[in-house]
Amino acid sequence: MSTLSGSVAIELVFNRPGIGRLLIDAIAQRDYAVIQGGVLVFAGFVVLINLLMDLVYVVVDPRVRVK
């Protein structure tokens, strides 16, 4: 959950409301629907970023081939 903690830290430093703080408040208030939605969004971001990095790695390093 380091993505969530990093998000909350950045939001606190720059005093900007965001999804990290929303999730922390939802956890404190036990709002399960918001927690599930927030975790789903964070998981989607992680999967999307990993997919993009894999695709960029194939383009950047010609030794990597898709079989």
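Which residues of helix H2 (residues 19-29) are buried? Select Gly-20, Leu-23 and Ala-26: these are the buried residues of H2. Look down the axis of H2, and the buried residues fall within an arc of 125 degrees, so they line one face of the helix. The model on screen is a predicted one.

**The other side of H2**

Now select Ala-28 and Gln-29. Both are exposed and sit on the face of H2 turned away from its buried side.

Stay on H2 and select Arg-21 and Asp-25. Their side chains meet in a salt bridge, with 3.5 Å from N to O. Why are the two separated by about one helical turn? Asp-25 and Arg-21 are four residues apart in helix H2, which means about one helical turn between them. An α-helix has 3.6 residues a turn, so residues three or four places apart point the same way. Asp-25 counts as partly exposed because its relative accessibility is 32%. Arg-21, at 35% relative accessibility, is also partly exposed.

Go to Arg-30, which follows H2 and lies in the loop between H2 and H3. Arg-30 is not a glycine, although its phi is positive, at about 55 degrees. Most residues other than glycine have a negative phi. With 63% relative accessibility, Arg-30 counts as exposed.

Next select Asn-15, in the loop between helix H1 (2-13) and H2. Here phi is near 55 degrees, again a positive value in a residue other than glycine. Is Asn-15 buried or exposed? Asn-15 has a relative accessible area of 69%, so this residue is exposed.

Move to Val-34, a residue of helix H3. Leaving aside residues up to four places away in sequence, which residues does Val-34 touch? Val-34 touches Leu-22, Leu-23 and Ala-26. Draw a distance between the C-alpha atoms of Val-34 and Leu-22: the separation is 8.3 Å, and the two residues are twelve residues apart along the chain. Val-34 counts as partly exposed because its relative accessibility is 27%.

**Along H3**

Select Val-41, Phe-45, Ile-49, Met-53, Val-56, Val-59 and Val-60 together and show their surface. These residues make a nonpolar surface patch of about 680 Å². Pick out Val-59, which is found in helix H3 (residues 32-60). Its relative accessibility is 69%, so Val-59 counts as exposed.

**After H3**

The last stop is Asp-61, in the segment after H3. Is Asp-61 buried or exposed? At 11% relative accessibility, Asp-61 counts as buried, since the cut-off for buried is under 20%.

Arg-63 forms a salt bridge with Asp-61, and the closest N and O atoms are 3.1 Å apart. The side chains of Asp-61 and Arg-63 are also joined by a polar contact of 3.1 Å.

How many salt bridges does the count come to? The count comes to two. To view them, select Asp-25 with Arg-21, then Arg-63 with Asp-61.

Notes. Residues are numbered from 1 along each chain as its sequence is written. This is a predicted model: local features need pLDDT of at least 70, side-chain atom pairs count only at pLDDT 80 or more; totals for chains, interfaces and linings use all residues. Side-chain values use heavy atoms; hydrogens and water are left out. Patches are made of residues with over 30% relative accessible area and no salt bridge: like charges are joined within 9 Å, nonpolar side chains (Val, Leu, Ile, Met, Phe, Trp, Tyr) within 5 Å. Accessible areas come from the Shrake-Rupley method with a 1.4 Å probe; for residues, only the protein chains shown count as cover. A salt bridge is a side-chain nitrogen of Lys or Arg within 4 Å of a carboxyl oxygen of Asp or Glu. Buried means under 20% relative accessible area, exposed over 50%, partly exposed in between (1.4 Å probe, protein chains only). The arc is that of the directions from the helix axis to the C-beta atoms. A polar contact is a pair of N or O atoms within 3.5 Å; within protein, one must be able to donate a hydrogen and the other to accept it, and residues adjacent in sequence count only if both atoms are side-chain atoms. Contact means heavy atoms within 4.5 Å.
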